[in-house]
Amino acid sequence: MRHKGIFGMLYGVLAAGLLALGGCSPSAVDEPAGTDSSCRVAFRLGGAAGSASSRMVEGESVSGGELQTNLEKQVNSLLAVIFTDADPLGDTEDNANDKFFRTVKIDLGGETIPVIDNLSFLVGDEGDYIVIFVANVDEEKDKALADALAGLKKGVTTVGEFKNLEVSQAPETKPGMLMTSGFIRFRSSLVEAVDLGTVYLRRIMSRIDLINMADGVTVTRAVLHNRTVKSLLCNDETLKVNEEYIGATEEYTIDPALTGNMDNPTKYEAEIYSYEQLADKT
């Protein structure tokens, strides 16, 4: 959004670092056998810095020059969703041929801050895999998604079907905003260490901030048309508008009002969120 110095900014990044080591042996699909007999992958979650925010709503805060707020970054739960890698030399994820293997719930040790050390999960079998991490799946906020993830079928559900799971949790729900990582390829081995390097968790919704740099202009409200209130879990191949995902027009009262100033702009931040939606000519 832009009008005479009034800008809307989209922020959709929350970072998390991941480092892993491990060796493994075969085990049951749902409950890999003990700590020493299954492939253990250790990792660390971490944050990323950005520009500091000047105005936060109640309960929000930033620290260390970060752009993301404490509530946006909060990690209440974390799942590692693992698929077998049908073609380790091909694309990272094969939507049709990579099949679901196991979901592991990560024990966060009671922590919610986005920098958490000494986390791990068990794979259970040797082989070629890809993994994607999903944070903040909540049965109360989106029971349908939680049930769909619990119902993934080993050797049957494909990556493409996983990506197309529908998200209906309100995009502005905080804390506990839904986040995903990219797909990460690895080969588990009895004798070789696994190192996944660094990965990033990112909110699947965008944040829209208003910044008023227009001298003499005061902003008291904002109206958002075509806000998207539903999404696909991984919305990477959507080629048409889904009108069923578009919510009602939303009006936001801005209090205190934004008084425009080129040298010291006022900001309305961490209030407006929308899922991704493909634009068309209309």
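A salt bridge, for this talk, is a side-chain nitrogen of Lys or Arg within 4 Å of a carboxyl oxygen of Asp or Glu. Hello everyone, and thanks for coming. Before we go on, what we have here is a predicted model, where local features need pLDDT of at least 70, side-chain atom pairs count only at pLDDT 80 or more, and totals for chains, interfaces and linings use all residues. Residues are numbered from 1 along each chain as its sequence is written, and side-chain values use heavy atoms, with hydrogens and water left out.

So, how many salt bridges does the rule give? The count is twelve. Let me walk you through some of them.

Please find glutamate 172. Its salt-bridge partner is arginine 227, with 2.9 Å between the closest N and O atoms. These two come from distant parts of the chain, 55 residues apart: glutamate 172 is in the loop between S8 and S9, and arginine 227 in the loop between strand S13 (218–224) and strand S14 (231–232). A word on those labels: helices (H or I, at least four residues) and strands (E, at least two) are DSSP runs, numbered from the N terminus.

Is arginine 227 buried or exposed? It is buried, at 5% relative accessible area; here buried means under 20%, exposed over 50%, and partly exposed in between, using a 1.4 Å probe and protein chains only. Glutamate 172 counts as partly exposed, at 32%.

Stay with arginine 227, please. This residue also forms a salt bridge with glutamate 250, and there the closest N and O atoms are 3.4 Å apart. Glutamate 250 belongs to strand S15 (residues 250–259) while arginine 227 sits in the loop between S13 and S14, so this pair ties together parts 23 residues apart in sequence. Glutamate 250 is partly exposed, at 26% relative accessibility.

Next, lysine 174 and glutamate 60. Their side chains meet in a salt bridge at 2.2 Å, N to O. Lysine 174 is in the loop between strand S8 (166–167) and strand S9 (179–180), and glutamate 60 in the loop between strand S3 (40–45) and helix H1 (70–73), so the pair joins parts that are 114 residues apart in sequence. Glutamate 60 is buried at 9%, whereas lysine 174 is partly exposed at 23%.

There is a network too: salt bridges link Glu72, Arg203, Arg207 and Asp209.

And the cysteines? With a disulfide taken as a pair of cysteine sulfur atoms within 2.5 Å, the count is zero. Cysteine 39 is buried at 0% relative accessible area, and cysteine 234 counts as buried at 11%.
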